[in-house]
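Let me put it up on the screen.

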Amino acid sequence: MNAGPAVEAQSVVKQFGQGSEVVRALDDVSVTIAQGEFFTLLGPSGCGKTTLLRCIAGFETPSAGRILLGGRDITTEPPYRRRVNTVFQSYALFPHLTVAQNVSFGLEMLGKPRGEVHETTDRMLALVRLDALAGRRPDALSGGQQQRVALARALAPQPEVLLLDEPLSALDLKLRKEMQGELKRLQTETGITFVFVTHDQEEALTMSDRIGVMSAGKLLQVGTPRDIYDRPLSRFVADFIGETNFLPARAEGGVIRLASGETVAQGPGSGPVTVAIRPEQLRVDQPVDGALRAIVEGATYLGTDSHLRLRLGDGSPIVVRVPSLPGGGSAPVPGTLVGLRIAPGAVQVLED
């Protein structure tokens, strides 16, 4: 296996249309994905993540820039010459073939010896825990089982990279969570580089070694799940990954002060900034010195936790997430004055 990166996108641009109707789906995107990495492209619909995946697969050709696979320039190569397989939202299984025949189909098309085909098929079905269902047809399988067949079929030829285009989106919530664990297990056991596309933040945080957040054709930030969540570089990233309180503030004299007057952090510069604080990084306390003062406006019970809706002295809304504990009591009633404590290091300062 090549010791260098598995995939590289170098200054990739992809435009659709002409003249005044041109749309730049990818705008100078560069990213390096390591061998054996579970890398996720995350962003809202229309951000360019699927277009980048299709450029890696060979279904789209970049308007500018290069795509490298294992250090080799594959920018203009057709899909069949790339050691890359793709799992789509629709699993596209052959309805007239059994599970085993679906998995072995690609190997047979590659002209592999019969013995190797059978051995690889059996190994792949065991890997996805479907060996007992080898003789069934797709219409006799659940959605999760069909997805495992699609994964086994894509993994059987041992691609250098497996591309996954929102493959969990058609599953219900419980099954989707189960399959997140299965996907990570498969990637770990096979050691194959996975490039996963999703708009679901929880999927990205749960499975990924690294995440690339995209918006409007640009790659805004790449980092580990913890980097992306705890240290967002922009308001868009902070807002897209989880729930965040954005509060108007000002940098002056080496400190950051909220519009309500309280100092919440130290920081250089001067002028208006935005402070980002995650709801779980706030704790409700008594309205004593050193705590932010806020009025409770309401609460929503969500089972594992409750979300308190409050308002600071300057009118800024703020949400606090309070974990549900046995015998934990009820939330403060609306109109109650409370204090808020901020966890150390929880304040992120974003320039306006």
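So, in what order do the strands of the open six-stranded sheet run? The order is β6-β7-β8-β3-β9-β10, and the pairing is mixed.

Before going further, a word on where this comes from. This is a predicted model, in which local features need pLDDT of at least 70 and side-chain atom pairs count only at pLDDT 80 or more, while totals for chains, interfaces and linings use all residues. Residues are numbered from 1 along each chain as its sequence is written, and side-chain values use heavy atoms, with hydrogens and water left out.

Helices (H or I, at least four residues) and strands (E, at least two) are DSSP runs, numbered from the N terminus. I'll call two strands paired if DSSP finds at least two bridges between them.

At its edges are β6 (84-87) and β10 (218-223), each of which pairs on one side only. Neighbouring strands here are turned by 20° against each other on average, ignoring direction. For that and every other angle today, axes are lines fitted to C-alpha atoms, for helices over the stretch in contact, and angles run from 0 to 180 degrees between N-to-C directions.

Inside the sheet, have a look at β7 (residues 161-165) and β8 (residues 193-198), which pair in the parallel sense over five bridges. Leu164 has Phe196 of β8 as its bridge partner.

To count, rings of Phe, Tyr and Trp (its six-membered ring) must have centres within 6.5 Å; planes under 30 degrees apart are called stacked, over 60 edge-to-face, and the rest tilted. One of the pairs is Phe38 with Phe196, a tilted one with 5.8 Å centre to centre and 45° between the planes. Because Phe38 sits in strand β3 and Phe196 in strand β8, this pair ties together parts that are 158 residues apart in sequence.

Now for what lies across this sheet. By contact I mean heavy atoms within 4.5 Å. Helix α1 (residues 49-57) lies across β3 (38-42), β6, β7, β8 and β9 (210-215), and runs at about 150° to β7. Helix α4 lies across β6, β7 and β8, at about 170° to β6.

That brings us to α4 and its helix neighbours. The axes of α2 (residues 99-109) and α4 (residues 143-155) come within 7 Å and cross at roughly 30°. That makes the two roughly parallel; the classes are under 35 degrees for roughly parallel, over 145 for roughly antiparallel, 65 to 115 for roughly perpendicular, and oblique for the rest. On the α2 side, Val99, Asn102 and Val103 make the contact, and on the α4 side Val149, Ala152 and Arg153 do. By class, these residues are four nonpolar, one polar and one charged. Here Ala, Val, Leu, Ile, Met, Phe, Trp, Tyr, Cys and Pro count as nonpolar, Asp, Glu, Lys and Arg as charged, and the others, Gly among them, as polar.

With α5 (residues 173-190), the axis of α4 comes within 11 Å and crosses at roughly 20°, so α4 and α5 are also roughly parallel to each other. Among the α4 residues that meet α5 are Gly143, Gly144 and Leu151, and the α5 residues include Met179 and Leu186. This contact has six nonpolar, four polar and two charged residues.

What about α2 and α3 (residues 114-127)? Their axes come within 9 Å and cross at roughly 130°, so these two are oblique to each other.

Last stop, the other sheet. Five strands form an open sheet in the order β15-β19-β16-β17-β18, with antiparallel pairing. β15 and β18 (317-323) are at the edges with a single partner strand each, so one side of each has no neighbour in the sheet. The twist averages 45° from one strand to the next.

Four bridges join β15 (residues 282-285) to β19 (residues 337-342), with Arg283 opposite Arg341 in β19. Four bridges also join β16 (residues 292-301) to β19, where Leu292 has Leu340 as its bridge partner and Arg293 has Gly339.
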